[in-house]
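Here is a friendly walk through one protein model, meant to be read with the structure open beside you.

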Amino acid sequence: AVGRETSAIGALIGRRRAAEALARKIERDVAAAKRGIRRHPRVLVILGVGRTPYAMLANSWGGDVVRQAGGRLLTDGLRSPSGIARISDELVVARNPDVIIAVPHGNPGSIPRLAAYYRSNPNWRRTNAVRNRRVYVATGNSLLQPYPHVAATIRDVRRKFLKN
């Protein structure tokens with residue numbers, strides 16, 4: 001939706017032509033970033049607030065970016081106006097993600113401790129993600145908020161987390 005929203009903002013501020021050109025570029029870049037996707041692993045994207053996991057849903061920025069990168073969200077079918085939902089360990093185990101991407105939210109000094117917790121959560125130890133050491137921590141903002149360089153984020157997710 002970044003291209004569509006860019007066009008709408010351009011129209012509002014009287015820069016329709018420039019915004020539409022930028023929107024087309026964004027859409028071309030996204031299409032190029034999505035080319036060649038061959039695998040579609042099951043992915044859990046977590047907004048980590050302390051040790052409480054909130055899953056990013058399809059209607060969240062992070063969830064949509066992961067879907068665009070080829071991931072199948074573990075949370076398919078769940079809905080929330082905010083784009084995130086508290087999930088249980090039982091749901092995580094039952095849906096058995098191939099990849100877990102944790103996006104810690106909080107004090108930067110606590111991120112290493114949170115990362116260690118997500119990688120060693122005893123309740124998730126039987127999931128494919130933990131057994132295959134595919135639990136990752138994303139420390140930047142690229143999965144938290146929209147910006148025009150979404151194609152770069154899609155490529156990063158493919159390369160760093162989905163190996164796709």
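Rings of Phe, Tyr and Trp (for Trp, its six-membered ring) pair if their centres lie within 6.5 Å. With that in mind, look at Tyr117, Tyr118 and Trp124, which form one aromatic cluster. Please keep in mind that this is a predicted model.

**Aromatic pairs**

The structure holds three aromatic pairs. One of them joins Tyr136 and Phe161, whose ring centres are 5.5 Å apart.

**Helix 2 against helix 7**

Helix 7 also packs with helix 2 (residues 16-34); the axes are 8 Å apart, at an angle of about 10°. Angles under 35 degrees count as roughly parallel, so helix 2 is roughly parallel to helix 7. On the helix 2 side, the contact is made by Ile26, Asp29, Val30, Ala33 and Lys34. Helix 7 contributes Val150, Ala151, Ile154, Arg155 and Arg158. Sorted by class, this contact has six nonpolar and four charged residues, and no polar ones.

**Around Asn164**

Asn164 sits in the segment after helix 7 (150-162). Is Asn164 buried or exposed? Its relative accessible area is 17%, and buried means under 20%, so Asn164 is buried. Polar atoms of the Asn164 side chain lie by two backbone atoms, as the table shows.

| Backbone atom | Distance to a polar atom of the Asn164 side chain |
|---|---|
| Nitrogen of Arg38 | 3.2 Å |
| Oxygen of Arg39 | 2.5 Å |

Leaving aside its neighbours within four places in sequence, which residues is Asn164 in contact with? They are Ile37, Arg38, Arg39, Ala69, Gly70 and Arg158.

**Ala11 and Ile111**

Finally, visit helix 1 (residues 2-12), where Ala11 is found. Ala11 is partly exposed, at 31% relative accessibility. Ala11 and Ile111 are 100 residues apart along the chain, and their C-alpha atoms are separated by 41 Å.

Definitions and conventions:
Residues numbered from 1 in each chain as written. Predicted model: local features only at pLDDT ≥ 70, side-chain atom pairs only at ≥ 80, totals over all residues. Heavy atoms only, no water. Helix = DSSP H or I, 4+ residues; strand = E, 2+ residues; numbered from the N terminus. Buried < 20%, exposed > 50% of the residue type's maximum accessible area, 1.4 Å probe, protein only. Polar contact = N/O pair within 3.5 Å; in protein donor to acceptor, adjacent residues only side chain to side chain. Contact = heavy atoms within 4.5 Å. Phe/Tyr/Trp six-rings, centres within 6.5 Å; stacked < 30°, edge-to-face > 60°. Axes fitted to C-alpha atoms, helices over the stretch in contact; angles between N-to-C directions. Parallel < 35°, antiparallel > 145°, perpendicular 65-115°, else oblique. Nonpolar A, V, L, I, M, F, W, Y, C, P; charged D, E, K, R; others polar.
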